[in-house]
Amino acid sequence: PVTAELGLEATGVQLDGKGRVVVDEKQETGVSGLYCLGDASTSGFELTPVAIAAGRRLADRIFGGAADAKFEYANIATVVFSHPTIGTIGLTEPQAREAYGDANVKAYKSVFKPMHFALCEEEAKKPMAMKLVCAGEEERVVGLHVIGIAADEMLQGFAVAVKMGATKADFDHACAIHPTAAEEFVTMGPWGAKPDGQGGIVPTPVPKGR
C-alpha cells in the first residue's frame, strides 16, 4: 500500500516491512483514536467485502454501543474469477490434517461433468471438481472447495453453512436441487453414511436441533 507519504511516523503508528499499518484483531493501531482496515492494514485479506465488513464492525463498536464487535477473519469465502471459476472456504486437506491429525480428517471428493452440458458434444463438456474436508467424529465441514461452472454463485450459500459449523450429515440431510451442479455437495458418497473404520459404512442420523 502507498503509505510512505502519509506522515504516519508523526503519529506513532507502526508499519510492517511492506508498508502496511500494524493492527490488532479489532483494527486498532495501538494509538488512541486511530484505526486501519482493508488492504493498507496487516489484517491479511485484501478483499473489498472483507474491508467493508470490518468497517461495519468497527462502526458498530465505536458508534453503535457494541463494545465487543469485530470482524471474524476465519472461514472467508474466496473466489478466483477464472474460466472455469474456483471457489474455496476454510482449510485445504493438508492444512486440516496438520491441524487435526490424519486420523481425524476425512475428505470427500467428486469429479464429474455437470448436466449443464448434457446436450453438448462430448469435447465441449467441461468437468467439475468438488471436495469437502471434514474433521472429528462429527465430521464438521472445515473446508469446501469447487472448480467449475457457477462455482462462485454456489459458494456464497455454502459459506453460510461452513460458518455455522455444518457437518457432513447436515449436508447429506439437505435435499438436493436437481438438475444442478451444486447438488453434488449434498449427495457425496457415502451419502447419508460415513466410514466405520473397517471398510464398511454406517448410516448417519438426522442431525439434532437443525
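T204 touches A169, D172, H173, G192, A193 and K194, leaving aside residues up to four places away in sequence. This is a predicted model. T204 sits in the segment after β7 (201–203). Elsewhere, the structure holds 10 salt bridges and zero disulfides.

**Around T204**

- T204 counts as buried, because its relative accessibility is 12% and the limit for buried is under 20%.
- The C-alpha atoms of T204 and A193 are separated by 4.8 Å. Along the chain, T204 and A193 are 11 residues apart.
- One of the contacts of T204 is D172, which also forms a salt bridge with K168.

**The K168–D172 pair in α4**

- In the salt bridge of K168 with D172, the closest N and O atoms are 2.9 Å apart.
- Both K168 and D172 belong to helix α4 (residues 168–172). They are four residues apart, about one turn of the helix.
- K168 counts as buried, with 0% relative accessibility.
- D172 is buried too, with a relative accessible area of 3%.

- Side chains of opposite charge can pair when their charged atoms come close.
- K70 and E25 meet through their side chains in a salt bridge of 2.9 Å, N to O. This pair links distant parts of the chain, 45 residues apart. K70 is in the loop between α1 and β1 (78–80), and E25 is in the segment before α1.
- K70 counts as partly exposed, at 36% relative accessibility.
- E28 and R61 also meet in a salt bridge, at 3.8 Å from N to O. E28 lies in the segment before α1 and R61 in helix α1, so the pair ties together parts that are 33 residues apart in sequence.
- Which of these two residues is buried, and which is partly exposed? R61 is buried, with a relative accessible area of 13%. E28 counts as partly exposed, at 31% relative accessibility.

**A salt-bridge network**

- Four residues are linked in a network of salt bridges: E93, R97, D102 and K131.

**Cysteines**

- A disulfide is a covalent bond between the sulfur atoms of two cysteines. How many disulfides does the structure hold? The count is zero.
- C134 is in no disulfide. Its nearest cysteine sulfur, that of C175, is 20 Å away.
- C134 is buried, with a relative accessible area of 1%.
- C36 counts as buried as well, at 12% relative accessibility.

**A nonpolar surface patch**

- Y35, I62 and F63 make a nonpolar surface patch of about 340 Å².
- Y35 is found in the segment before α1 (48–63).
- Is Y35 buried or partly exposed? Y35 is partly exposed, with a relative accessible area of 37%.

Notes: Residues numbered from 1 in each chain as written. Predicted model: local features only at pLDDT ≥ 70, side-chain atom pairs only at ≥ 80, totals over all residues. Heavy atoms only, no water. Patch = residues over 30% accessible without salt bridge, like charges linked within 9 Å, V, L, I, M, F, W, Y side chains within 5 Å. Areas by Shrake-Rupley, 256 points an atom, 1.4 Å probe, with all protein chains shown as cover. Helix = DSSP H or I, 4+ residues; strand = E, 2+ residues; numbered from the N terminus. Buried < 20%, exposed > 50% of the residue type's maximum accessible area, 1.4 Å probe, protein only. Disulfide = S-S within 2.5 Å. Contact = heavy atoms within 4.5 Å.
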